[in-house]
Amino acid sequence: MTPQEFFAFCKKHGSEMVDLKFVDLLGTWQHCSFPLDTWDAGTFKEGVGFDGSSIRGWQSIHVSDMLAIPLAETAKIDPFFKEPTVSVIADIKDPVSKQEYTRDPRHVARKAIGYLTETDVADTCYIGPEPEFFIFDEVRYEQNQHRGFYEIDSVEGAWNTARFEEPNLGYKPSFKGGYFPVSPTDTYHDLRGEMVYEMRRLGITVEAHHHEVGTAGQSEIDMKFAPLLDMADQMMWYKYIVKNVAKRHGKTVTFMPKPIFQDNGSGMHTHISLWKKGKPLFPGDKYAGLSQMALHAIGGLLKHAPAILAFAAPTTNSYRRLVPGFEAPINLVMSARNRSAAVRIPMYSESPKAKRAEFRCPDPSCNPYLTFSAMLMAMLDGIQNKTDPGKPLDRDIYDMTPKELEKYRHTPGALEEALEALEKDHAFLTKGGVFTEDLIDTWIEYKMENEVSPMRQRPHPHEFHLYYDS
């Protein structure tokens, strides 16, 4: 879409306002709205100014001016404004140098794709994420000097079988009992369907939606795989749509990886494959029907997984999910079917086009631009260095002894460990200038100062249960 076509698109839909969106360092959309008549074709070259010092992880206040460059080809009708409004995604530039801003996550993703092309290994990286989320009826939380608590509730919560609901009809999915039930146990079919319809109206291809394993409304909506940058953009729309459709119905959605104790967390199993000139490069005659290139790519993913998780599982809460049990993918091995392996090779289809690796460690709290780019860079590093992925783990881990499991590498046990891994192992990310040292340093510093350290300093509610009368 050219700027001229953009204005024609706005006129066709009766839009007098344009909403400009861009993603901050941590992966959250920011936005500002403008009357359409204040824009012209030059806006798509010159951009619009904003205060970068107010955006998480970006410029300091003494160099705060930034430019957002709207991308006409990303124009869509926003589903959630009262009046017709066209939304566009923006890239970020420095207003003085006119260079693209290296801490703009979308810029990182575009550089990753450019580096892929430069290597001549492939020309396309397809991504297919499976984000999970919880739909709650209410959430309350507070943290201060004398009180720290959270409370969630859901009409589907297993803990509500005895609640007075005038009448209580039961049909509450049990803990770990929510996978694929029909109504009336699955009360959110129509709500998820509305989310899907909104996605489809914006051109997002959805493959399926269903209730997930957890009680209290855990859900999943799967999108068809798409090129890396397109999928990262779609992930931003995905989260925006899911949250706003829920709010439309008086519900609230969270993408926190582990909001419920002793039940499944929310992951984002991410399928990835490389193609060249329209042909898939991962099918072959090796393990699980993979090519040697695919095995080397998986070797790169496994080798660099702890560092990748600093982006892919980027919260302290992420490591409440990455613990033994609950099908947690904590073993840094590959497997054709074992869901406790960090990398699984799906065996549903014999089609060469369906051959891919499934990295199961990421969760939906991540920034998709940085996560998908880090995964791609690790795979390219594995291919370039012919990294051996090691022997597959095709056994039931629950039948294995602790001594047998000791020989396998595991995911980090805490965000701090993942950040330490990133600090030590990031040369694969900086190849081709895709990730800069500045971005990596800023990410580590921000996470340590704003998430790891504050969590260290606060007593946990369970500690009162354990130690108050000690």
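Tyr-141 is placed in strand E8, residues 138–143 (helices, H or I, of at least four residues and strands, E, of at least two are DSSP runs numbered from the N terminus). The structure is a predicted model, in which local features need pLDDT of at least 70 and side-chain atom pairs count only at pLDDT 80 or more, while totals for chains, interfaces and linings use all residues. Residues are numbered from 1 along each chain as its sequence is written, and side-chain values use heavy atoms, with hydrogens and water left out.

With a relative accessible area of 67%, Tyr-141 is exposed (buried means under 20% relative accessible area, exposed over 50%, and partly exposed in between, with a 1.4 Å probe and protein chains only). Tyr-141 forms a nonpolar surface patch with Val-139, Tyr-150 and Phe-261, and together they have about 540 Å² of accessible area. Patches are made of residues with over 30% relative accessible area and no salt bridge, like charges being joined within 9 Å and nonpolar side chains (Val, Leu, Ile, Met, Phe, Trp, Tyr) within 5 Å. Accessible areas come from the Shrake-Rupley method with a 1.4 Å probe, and for residues only the protein chains shown count as cover.

A search of the whole structure gives 25 salt bridges, each defined as a side-chain nitrogen of Lys or Arg within 4 Å of a carboxyl oxygen of Asp or Glu. One of them joins the side chains of Lys-21 and Asp-78 at 2.8 Å, N to O. Lys-21 lies in strand E1 (residues 17–23) and Asp-78 in the loop between strand E5 (76–77) and E6, so the pair ties together parts that are 57 residues apart in sequence. Both residues of this pair, Lys-21 and Asp-78, are buried, the relative accessibility of Lys-21 being 3%. The side chain of Lys-21 also makes a polar contact of 2.5 Å with that of Ser-87. A polar contact is a pair of N or O atoms within 3.5 Å; within protein, one must be able to donate a hydrogen and the other to accept it, and residues adjacent in sequence count only if both atoms are side-chain atoms. Beyond four places in sequence, the residues that Lys-21 touches include Trp-29, His-31, Phe-81, Trp-237 and Tyr-240 (contact means heavy atoms within 4.5 Å).

A salt bridge is also formed by Asp-153 and Arg-163, with the closest N and O atoms 2.8 Å apart. This pair links distant parts of the chain, 10 residues apart, with Asp-153 in strand E9 (residues 148–153) and Arg-163 in the loop between E9 and helix H4 (189–201). Asp-153 is buried at 18% relative accessibility, whereas Arg-163 is partly exposed at 31%. Asp-186 and Arg-192 meet in a salt bridge of 2.8 Å, N to O, and both are buried. A network of salt bridges links Asp-91, Glu-100, Arg-106, Arg-110 and Asp-233.

Arg-103 occupies the loop between strand E6 (85–93) and helix H3 (105–119) and is buried at 13% relative accessible area. Its side chain makes a polar contact of 2.7 Å with the side chain of Asp-438. Neighbours within four places aside, the contacts of Arg-103 include Leu-25, Trp-58, Leu-439 and Thr-442.

Zero disulfides were found in the whole structure, a disulfide being a pair of cysteine sulfur atoms within 2.5 Å. The sulfur of Cys-361 has its closest cysteine sulfur in Cys-366, at 12 Å, which is too far for a bond. Cys-361 is buried at 0% relative accessible area, and Cys-366 is buried at 2%.
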